[in-house]
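I am opening the notebook on this model. My entries follow the order in which I looked things up.

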Amino acid sequence: MCVTTTPAFAAWHKAETDRFVIYSDSSPEDLRSFAEVLERYHVSMELETGRSLPVPSPSNRLTVYMVGSLDDLREIYGPGNSFVGGFYIPRANGSVTFVPNINLRNSGRGRTGSRLRRRADTEGAGLDPAMKTVLHEYAHHFLISSSRSAMPRWLSEGSAEYFSSARFNPDGSVDIGLPNNARAYEISQAAPVSLRELLDYDLYKQNRGNRYDAFYGRAWLLYHYLRFNPDRQGQLVNYWQKVATGMDSLEAGEMVFGDLDVLERELRSYGRERNMKGMRWPGSEIQIGAISTAALSEGHAAMMDIQMQSKRGVSREQALEMLPSARSIAQRYPEDAAALAALAEVEYDAGNDAAAIAAADRAIAIDPNIKNAYVQSGYAQFRQAAKVEGRAERKEAYQAAMRPFEALNALEPDHTQPLIYYYRSFALSGGTIPEDAKFALERATQLAPFDQRLAIQVAIMHARDGNTDITELLLAPVAADPHGGRQADIAKLMLAALEDAEPNSPFDLIAVRRAYNAARAAERNESE
């Protein structure tokens, strides 16, 4: 993996709002305009959906990285990046989204808005493509955060496309559900995707091949049609409710929508219409909180390439490649807490626990509010504790490893990592897990409902306590998620295993996960 470092003179800035942290090398004025648009977008989504999300604690906000060019984005994404225009990673320790730079340069003397504002005043097709990607990815984050129920693939992408064509007007109003002109060519020219293929994702994958098709466009069209057709009011919600309770997507569609051939014809006709409805939410109803911007320190700016790679997620081998650059930057800026915290993360990812703890301690000594330093120190100490022999000694080591998390909890009570690792300190050391530790893990998944690995961990906890009904409720959305990958496979196996369990009796689901991991490891060995 090729890693370059950002020059010290790069003008990196950070914007912070109630719900977002945004890193960009654009000007503070443009970054503020961008942050304002995102906050207005969030509020308009609340108004449109009727779902109100509490303001997250600082570390639970979505972090947006504007990474540079599309090539830079695809290098960060890694293999299989040919069509990636942006991507979103939901996780308890800070959800992130990565997009190319958005054109935010001011234009015209005396205007308070930037080119971003002017572009956003046009219909969806006029949006900067990177801006549209941000809106699409945040729609996923909002919808996952506001509902425990997994969406079928078409509904997930169709709703995100529906919201991402938003228009932000100079009077403060926001239009939602405008015609998604960016998908017009796809709908008319790309390989067709039938309604049954939309509803049955396995059927779609079976027929797809390597063709460029209209899946996203058709998903948007179906969502928009069901949203605004008065003869089909309520069908969208009814369909989703049935799928959320476990009904097959195609079966639910046939039950709720009626004759699918009729709906197919209606969709074809709807796609040819020149005028479509949308929703306008007036500026008087869109109230947002304060927005702050600040320049990054030179050391932090120099470490931004490293930080973005780390937050993307790296293997140990990749972290070892990054380490010389990270150490070099930290040596140039030995009093920069942000640079040292970033170094601590790379050291941890590279397997250097003692070095990670040392870098984190130096960062905390300079700035006691540098939260990522506490996280990396805690991670490293927990990994060290796992190597301690002797049950009593290991228990004592885990108790000591909780100290950075305890300090972090004092700084931010709703930070998820102290809650999660408090539970793990007992689960990993053996013995009885106290009720307050179980409550802490439960609280973490309430704060981060989008983290599927965490949902599975909480499900395992409830299964162990015999709460099989709660276990199934936690696993079902993960198993139904078409984006779930490995976690969805594990959840499906766990649900299948629970079919043989006695109701409300303790059941060991860890064995299921271990068997899955062993099978995957065997497959990798065979392929090598």
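**Ground rules.** I am working on a predicted model, so local features need pLDDT of at least 70 and side-chain atom pairs count only at pLDDT 80 or more, while totals for chains, interfaces and linings use all residues. I number residues from 1 along each chain as its sequence is written, and side-chain values use heavy atoms, with hydrogens and water left out.

**Entry 1, six-stranded sheet.** I looked up the strand order and found an open sheet of 6 strands, E4-E5-E3-E2-E1-E9, with mixed pairing. Helices (H or I, at least four residues) and strands (E, at least two) are DSSP runs numbered from the N terminus, and two strands pair if DSSP finds at least two bridges between them. Strand E4 (87-89) and strand E9 (292-295) are the edges, each pairing on one side only. Neighbouring strands here are turned by 15° against each other on average, direction ignored; axes are lines fitted to C-alpha atoms, for helices over the stretch in contact, and angles run from 0 to 180 degrees between N-to-C directions. E4 pairs with strand E5 (residues 96-99) in the antiparallel sense over 3 bridges, and I note Ile89 opposite Val96 of E5.

I placed His140 in helix H4 (residues 129-145). His140 has 9% relative accessibility and therefore counts as buried (under 20% relative accessible area; exposed is over 50%, partly exposed in between, with a 1.4 Å probe and protein chains only). Leaving out residues up to four places away in sequence, His140 touches Tyr88, Ser156, Glu157 and Ala160, where contact means heavy atoms within 4.5 Å.

**Entry 3, three-stranded sheet.** I found an open, antiparallel sheet of 3 strands in the order E6-E7-E8. Strand E6 (167-168) and strand E8 (279-281) each have a single partner strand, so one side of each is left without a neighbour in the sheet. E6 pairs with strand E7 (residues 174-176) over 2 bridges, and Arg167 has Asp175 in E7 as its bridge partner. Helix H1 (residues 28-49) packs on this sheet and touches E6, E7 and E8, its direction making about 50° with that of E7.

I counted 34 lining residues, with Val243, Ala479, Ala480, Asp481 and Pro482 nearest the centre of the second largest pocket. Several helices supply at least two lining residues each, including helix H5 (153-164) and helix H25 (486-498). H24 gives the most, with 6 residues.

How values were computed. On a 1 Å grid over the protein atoms alone, a cavity is a set of points where a 1.4 Å probe fits but cannot get out, and a pocket is an open set with protein on both sides within 12 Å along at least five of seven lines; lining residues have an atom within 4 Å of a point.
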